[in-house]
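Have the model open while you read.

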Amino acid sequence: MGMPDAEGHGPPDGLPDLPPEWGRVVVPDDPSALAEEARQVRRELRRERRNSGGRHGTPRPAVRPLRLPLLALLISVLVTLSGLAAVTWPRSTRSGSSPTVVPFPSATPGPVGPVPALDLVDAGNSPVPLRGLLPAMIILIDVCACREQVSTAAATAPRDVTVITVTEGRSAEAPPAPGVRPLADPAGGLRAYLHLAPHPGTAAALLVDRDGTVVRVVPELGPVEDYRADLVGLAG
């Protein structure tokens, strides 16, 4: 049981007395009266934390500077991107010197596919079914008449193999050599089907058997020895 103080004020029944070394404790009615004491207590607590080195009394770990690793990573990324750009960036082919000329292949051996069912035009502007002239050697002379090469091919072809010259005009021109059937392809369907781009000064040719299969494409008609065996074989 608590004992009353000198003024007769004592604790209520059931509560122990405060330690005598605390002296007299007065609890104000307004809590704001303790604001100054609260600030002083907080200052002392902060001072103790700073002196102890951390919030929980343990030394704070040193923070490792990240500037150098980040800089090294950035340089590595830039170098990698520069290398990729140098490899994939399209290079310009323009230069002060003359362009490099890639040799055009003289022949494309092996079966290619069926000849398209085209109707060409003769000198009288009458339609001529191309498949009705097979087997045949078809020579595209829209950018080069190449009379010497055409004459050699006509002289080498077997009797039942038709040698046809094709231009892209509205009507067929005069035959450049004896024994040749001149026709015209106004729409350019034959060259477009074969994906043969015209090359000035050259004539392309294709050898077609009786079944309409293109057995050989000669992008640049040259010496007859290059295609003689295939031309003779069309008669078989």
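1. The protein chain has 5 helices and 8 strands (DSSP runs, H or I of at least four residues for helices and E of at least two for strands, numbered from the N terminus). Going from the N terminus, the order is α-α-β-β-β-β-α-β-β-α-β-β-α. Bear in mind that this is a predicted model, where local features need pLDDT of at least 70 and side-chain atom pairs count only at pLDDT 80 or more, while totals for chains, interfaces and linings use all residues. Residues are numbered from 1 along each chain as its sequence is written, and side-chain values use heavy atoms, with hydrogens and water left out.

2. On to the overall numbers. Of the 236 residues in the protein chain, 28% are buried (under 20% relative accessible area; exposed is over 50%, and partly exposed is in between, with a 1.4 Å probe and protein chains only). Among contacts with a separation of 6 or more, 60% are between residues 24 or more positions apart (contact means heavy atoms within 4.5 Å).

3. Which residues touch the most other members of the largest nonpolar core? They are Met-137, Ile-139, Leu-221, Tyr-227 and Leu-231, out of 22 residues (a core is a set of buried Ala, Val, Leu, Ile, Met, Phe, Trp, Tyr and Cys residues joined through side-chain atoms within 4.5 Å). Strand S4 (136-140), helix H3 (147-156) and S7 each supply at least two residues of this core, and H3 gives the most, with 3 residues. Apart from this core lies another, of 20 residues, including Val-115 and Leu-194.

4. Have a look at Tyr-227 and Leu-206. Beyond its neighbours within four places in sequence, Tyr-227 contacts residues including Met-137, Gln-149, Ala-153 and Arg-216. Leu-206 sits in strand S7 (residues 204-208) and is buried, at 0% relative accessibility. Outside four places in sequence, Leu-206 touches Met-137 and Arg-216, among others.

5. Strand S5 (residues 162-167) has 5 of its 6 residues buried, so the strand is largely enclosed by the rest of the structure. S4 and S5 pair in the parallel sense over 5 bridges (pairing requires that DSSP finds at least two bridges between the strands). Leu-140 is opposite Val-166 in S5.

6. Now the charges: there are 5 salt bridges (a side-chain nitrogen of Lys or Arg within 4 Å of a carboxyl oxygen of Asp or Glu). In one of them, Arg-210 and Asp-160 have their closest N and O atoms 2.8 Å apart. The two are 50 residues apart, with Arg-210 in the loop between S7 and strand S8 (213-218) and Asp-160 in the loop between H3 and S5. Arg-210 is partly exposed at 46% relative accessibility, and Asp-160 is partly exposed at 37%.

7. Arg-216 pairs with Asp-230 in a salt bridge, at 2.7 Å between the closest N and O atoms. Arg-216 is in strand S8 and Asp-230 in helix H5 (residues 228-233), 14 residues apart. Arg-216 counts as buried at 12% relative accessibility, whereas Asp-230 is partly exposed at 30%. Elsewhere, salt bridges that share partners join Asp-142, Glu-168 and Arg-191 into one network.
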